[in-house]
Amino acid sequence: MPELDFRAPRLFVDAALSAGANVSLERNQSNYLGNVLRLAAGDAVLVFNGRDGEWRAEIGGRKRADALTITAQTRAQDRLPDIAYVFAPLKHARLDYMVQKAVEMGAARLQPVLTRFTQVSRVNGERMRANVIEAAEQCGIISLAEVADPVTLDRFLGGRAPERLLVFCDEAAEVANPVQALRAATAANAGIDVLIGPEGGFAEEERALLTRQPNILRLALGPRILRADTAGVAALALVQAVLGDWRNSP
């Protein structure tokens with residue numbers, strides 16, 4: 001794992017980053033730096049935009065922090081592993097938690113899917129993206145996960161690339177060693193979709209549709225029933241450890 005500077009504040013900015021560039025701050029960012037962190041002109045922060053790596057920047061402004069001057073790059077841009085977290089959305093705080101943890105686990109795409117027993121029918125994409133940014137700022141992540149619009153489960157399955165591995169986390173699957181099952185999986189080089197269902201589980205017709213998909217791995221997450229947000233963390237940890245970028249960490 002690269003050595004990170006966790007003492008310096010980190011800020012996402014939606015602007016091109018290069019040495020000498022000037023970046024205007026939004027009002028909430030100015031308030032955060034000046035009134036929450038008590039930083040002033042001349043203080044340094046780390047900034048990233050998900051495209052140009054991480055950079056050190058100097059705060060500018062008179063009465064309040066209103067701009068940044070980009071000084072030097074601290075890390076080159078990296079790439080997330082091609083793992084999509086596909087999930088039935090939950091309510092409010094638990095959805096916030098689920099999104100934040102998926103980002104921390106290194107998911108590159110967040111895809112909400114609507115199933116028969118999904119608890120909510122409307123998903124706030126802007127709130128999801130705000131949680132993606134917050135998690136990245138706090139955890140030293142410089143690549144932002146893509147937030148996709150919600151779709152029905154059958155539409156997702158009909159549109160996904162068949163060469164991708166579909167890890168179908170199913171509490172009704174026969175309990176076996178999930179690590180061994182993942183090690184035996186093939187065709188993971190084309191990307192991985194990790195599917196977590198709603199609290200009420202999948203309907204039988206949905207389970208039948210899923211089991212007919214190509215390149216599917218039906219996986220149990222141990223002998224206990226997990227809540228959906230817990231199951232997401234467990235599944236992503238398993239996939240990252242066996243097939244993702246955890247196995248390549250020094």
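Predicted model: local features only at pLDDT ≥ 70, side-chain atom pairs only at ≥ 80, totals over all residues.
Strand 11 (192-196) is taken up first. Five of the five residues of strand 11 are buried, so this strand is largely enclosed by the rest of the structure. From strand 11 the residues Ile192, Val194 and Ile196 point one way, whereas Asp193 and Leu195 point the other way, and all of them are buried. Strand 11 pairs in the parallel sense with strand 6 (residues 83-87), over five bridges, and within this pairing Val86 stands opposite Leu195. Strand 11 also pairs in the parallel sense with strand 10 (residues 165-169), in this case over four bridges, and here Leu166 stands opposite Asp193.

Leu110 is placed in strand 7 (residues 109-114), and its relative accessibility is 0%, so it counts as buried, the limit being under 20%. When neighbours within four places in sequence are left aside, the contacts of Leu110 are with Tyr85, Phe87, Val99, Ala102, Met128, Val132, Ala145, Glu146, Val147 and Ala148. Of these contacts, Tyr85 and Phe87 fall within the residue range of strand 6, Val99 and Ala102 within that of helix 2, and Met128 and Val132 within that of helix 3.

Phe202 occupies the loop between strand 11 and helix 6 (204-211). With a relative accessible area of 6%, Phe202 is buried, although its place is in a loop. Outside the four sequence positions on either side, Phe202 is in contact with Thr115, Phe117, Leu153, Phe168, Cys169, Glu171, Leu195, Ile196, Gly197, Arg207 and Leu210. The C-alpha atoms of Phe202 and Ala172, which are 30 residues apart along the chain, are separated by 9.3 Å.

Two residues of helix 2 (residues 92-104) may be considered next, one of them being Asp96. Asp96 has a relative accessibility of 14% and therefore counts as buried, and, with neighbours within four places in sequence left aside, it is in contact with Arg127 and Asn131. Both of these partners fall within the residue range of helix 3 (125-139). His92, which also lies in helix 2, is exposed, with a relative accessible area of 59%. The backbone of His92 has a positive phi of about 40°, although this residue is not a glycine.

A positive phi is found as well at Arg38, where the value is about 60° although the residue is not a glycine.

In helix 1 itself (residues 27-36), the buried residues are Gln29, Ser30, Leu33 and Gly34. They cover an arc of only 110° around the axis, and therefore they lie on the same side of helix 1. The other side of the helix carries the exposed residues Arg27, Asn28 and Val36. The packing partners of the buried residues of helix 1 are strand 1 (10-12), strand 3 (44-48) and strand 4 (54-60).

Helix 1 and helix 3 both contribute to the lining of the second largest pocket, the volume of which is about 490 Å³. This pocket is lined by 20 residues, and those nearest its centre are Leu11, Phe12, Gln29, Ile133 and Glu137. Gln29, one of these central residues, is also one of the buried residues of helix 1. Two or more lining residues are given by each of strand 1, strand 2 (22-24), helix 1 and helix 3, and the largest share, four residues, comes from helix 3. By class, the lining of the second largest pocket comprises 10 nonpolar, four polar and six charged residues.

Technical notes: Residues numbered from 1 in each chain as written. Heavy atoms only, no water. Buried < 20%, exposed > 50% of the residue type's maximum accessible area, 1.4 Å probe, protein only. Contact = heavy atoms within 4.5 Å. Arc of directions from axis to C-beta. Pairing = 2+ DSSP bridges. 1 Å grid on protein atoms, 1.4 Å probe; cavity = no way out; pocket = protein on both sides within 12 Å on 5 of 7 lines; lining within 4 Å. Points joined across faces, edges and corners; volume = space filled by probe spheres on them. Nonpolar A, V, L, I, M, F, W, Y, C, P; charged D, E, K, R; others polar.
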